[in-house]
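Have a look at the sequence and the model below.

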Amino acid sequence: MQDFRADLHCHSTFSDGSKTPKEIVLQAKRNGLSGLSITDHDTIDAYETAFSIAADHSLDLIPGVEFSAEHRGHSVHILGYSFSTKSLFIQQLCQKHFQRRIRRYKAILELLARESMPISEQELTEQYPSHTNIGRPHIALVMVKKGYVKSLEEAFFRFLAEGKSCYVKGESFSVEETIRVIHEGGGLAIIAHPHLMKRRDILKDLLDMNFDGIEGYYANFGIEENKRWIDIGKKKKWIITGGSDSHGNIKPQITLGCSWVGESTFHILKQHLMRHGKDSLP
Ligand code: AMP
Ligand code: FE
Ligand code: FE
Ligand code: ZN
């Protein structure tokens, strides 16, 4: 029998993943996972159905989310786990992000039109269900489809990444405020993928904040790269989480379950859920 593995970071069709929660659960089983958390950007809507689907397939599921936040003008992603999905604090923050994302994609489309890459709102939204939290990957995919760029990576590199001509930040929520909302919802707040953070000064500030953990095992990063964050987490006596950050076919190079945590870490999150977010469960 294979050891217990749980992937604590992936995205569904509720944000910028290509698979529905059901398809993710089935893929998780095929990939030999025993535990999972779906961490969509700024929404927990996957959990309206995901718990019963996971139960049907004997997969242990922990509620999760990946909130977009900002610190001194820089984007920071924060994972929340084991909160109550019924929490109005969490639900209200998700709702604010949903509105922010609509205003933001409209602003991005305006900038793209100015760069002679028109995309109508309909061309963007008709491809996705109405619940989808539209993000830059969705816009990048339409840019590829319309022949403006060759790949999603090129769309980011030339136009959509932070600091590029069609980047729009939108309204922002501070890291402190986001941690507070996760805690008010009974959850644990974790620094997502420190591996990707280019600004050391921002990271240094984050390490002094009221987080409960850090994502130490991430995507296809190797032992050496992960070790740095695992060591920091250990020193701070934080929970060290891990996951693939799978987006399905949108990022085919990342396989669900390529990064994971074992049973003891999963158990900590599960225990926390039973104490603080039990009403999430159906
Ligand atoms: P958004 O939530 O709209 O700000 O978009 C952020 C998402 O875009 C991230 O979670 C990734 O899925 C994706 N992303 C960010 N930077 C890049 C990049 N350089 N290349 C490809 N995808 C990216
Ligand atoms: Fe994403
Ligand atoms: Fe992220
Ligand atoms: Zn993610």
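This is a predicted model: local features need pLDDT of at least 70, side-chain atom pairs count only at pLDDT 80 or more; totals for chains, interfaces and linings use all residues.

Residues are numbered from 1 along each chain as its sequence is written, chains are lettered from A and ligands numbered from 1 in the order in which they are written, and side-chain values use heavy atoms, with hydrogens and water left out.

Let's start with the zinc ion (ligand 4). Its protein donors are H9 (NE2), H11 (NE2), E66 (OE) and D245 (OD), at 2.0 to 2.3 Å. Donors here are N, O and S atoms within 2.8 Å of the metal (3.2 Å for Na, K and Ca), and since water is not among the atoms, sites may look incomplete. Along the sequence, the zinc donors follow the pattern H-x1-H-x54-E-x178-D. Two of them come from distant parts of the chain: E66 belongs to strand 4 (residues 64–71), while D245, 179 residues away, is in the loop between strand 8 (239–243) and helix 10 (263–276). Helices (H or I, at least four residues) and strands (E, at least two) are DSSP runs, numbered from the N terminus.

How accessible are these two? E66 is buried at a relative accessible area of 1%, and D245 is buried too, at 9%. Buried means under 20% relative accessible area, exposed over 50%, and partly exposed in between (1.4 Å probe, protein chains only).

Now move 4.6 Å from the zinc ion (ligand 4) to the iron ion (ligand 2). This iron ion takes D16 (OD), H41 (NE2) and H247 (NE2) as protein donors, at 2.1 to 2.3 Å. D16 is buried, with 6% relative accessible area, and H41 counts as buried at 9%. Another iron ion (ligand 3) is 5.6 Å from the iron ion (ligand 2).

That brings us to ligand 1. The residues around it include D16, H41, H247, R101 and R104; to be listed, a residue needs a heavy atom within 4 Å. An oxygen atom of ligand 1 is 2.9 Å from a side-chain N or O atom of H41, and the corresponding distance is 2.8 Å for R101 and 2.8 Å for R104.

Conventions
A polar contact is a pair of N or O atoms within 3.5 Å; within protein, one must be able to donate a hydrogen and the other to accept it, and residues adjacent in sequence count only if both atoms are side-chain atoms.
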